[in-house]
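Welcome! Let's get to know this structure through a few questions and answers.

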Amino acid sequence: MKIVFFGTPQFAVPTLEKLLNHSEFEVLAVVTQPDKRRERGNKLTPTPVKAIATAHNLPVWQPERVKKDTETLTQLKQLDADVFVVVAYGQILSSKILNMPKSACINVHGSILPKYRGAAPIQWCLYNGEKETGITTMLMDVGMDTGAMLQIATTPIGLLDNAQDLADRLAAIGGDLLVETLLKLSRQEIQPIPQDNLAATYAPLIQKQDYGLDWSKSAIQLHNQIRGFYPNCTATFRNNLLKITGSAPLASVGDRNLPSELQELLHKLPDLSNISDRPGEVVSIVKGIGAIVQTGEGLLLLREVQLAGKRPQSGWDFVNGTRLTVGEVFGAGS
């Protein structure tokens, strides 16, 4: 099966590697986003997908706008591929491109469709406190993740999973599921299933204002925001912005298990609702673990933070380094 691969970030790499290492597939070329300049040294950095493609001596095309790039469109047509595979490419494909392969354009999407169509399914499913997510392979059409579904693989979401943890797990699942999907399609063992548009939800691009923490929210809401938009959520600490990159809610977690050290902590705390009437106030400091902060409902443990210009550090190292004391108050982020 001759394949052209469209993809850009690390999330797409495991799927490309699965195709490259499978005897029944031949990757003819890779289409990825243009290289970007990174902050350190301002050097052009190849996309993760380009790095893998280059290591395998594959042709790599990086058009600014693929559906408007005449040269790339001509090259794609000339390849006469059986399938186009798209994994987090980052550009909308035109109907002209979707109709080029002999068999189909297949997308690997990071949610259980029709929920969380759009650019950030992993982040928003965590933000909304979902207990399960997955990968859907689907036939592409001109809509935003609206094509008929081929296969679905699911995975549970742990209470302390963040967007990076979940993306890594889903990326591996996606590679395996795509291989299975392609093989079954070639044997005509899959019947595409139309999506229920009435059940669809949308996962838009994350905006800067989504990162600011409001301590009047509940502990579980703040925790889901912190892990969903990892590692970028912010609070204010001593008039400076502080990133909160790891947390744990100490109330209202239902049947979802905390690690053993946090379970022990729960037993030591007599009240897990409201100790203070000031959201954002440090109400306790647990030796070896970190600070516990009052929220609008319940308590939130700060497991990992990042001071401006510094590397992330554990909640306990933050307490020691700043000489944080009970009674100090974190402000809202922006």
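Q: Is Cys125 buried or exposed?
A: This is a predicted model, where local features need pLDDT of at least 70, side-chain atom pairs count only at pLDDT 80 or more, and totals for chains, interfaces and linings use all residues. Residues are numbered from 1 along each chain as its sequence is written, and side-chain values use heavy atoms, leaving out hydrogens and water. Buried means under 20% relative accessible area, exposed over 50% and partly exposed in between, with a 1.4 Å probe and protein chains only. Cys125 has a relative accessible area of 0%, so Cys125 is buried.

Q: Which cysteine sulfur is nearest to that of Cys125?
A: A disulfide is a pair of cysteine sulfur atoms within 2.5 Å, and the structure holds 0 of them. Cys125 is in no disulfide: at 15 Å away, the nearest cysteine sulfur is that of Cys233.

Q: How do the rings of Trp124 and Phe229 pair, and what are the values?
A: Rings of Phe, Tyr and Trp (its six-membered ring) pair if their centres lie within 6.5 Å; planes under 30 degrees apart count as stacked, over 60 as edge-to-face and the rest as tilted. With centres 5.1 Å apart and planes at 80°, the pair of Trp124 and Phe229 is therefore edge-to-face.
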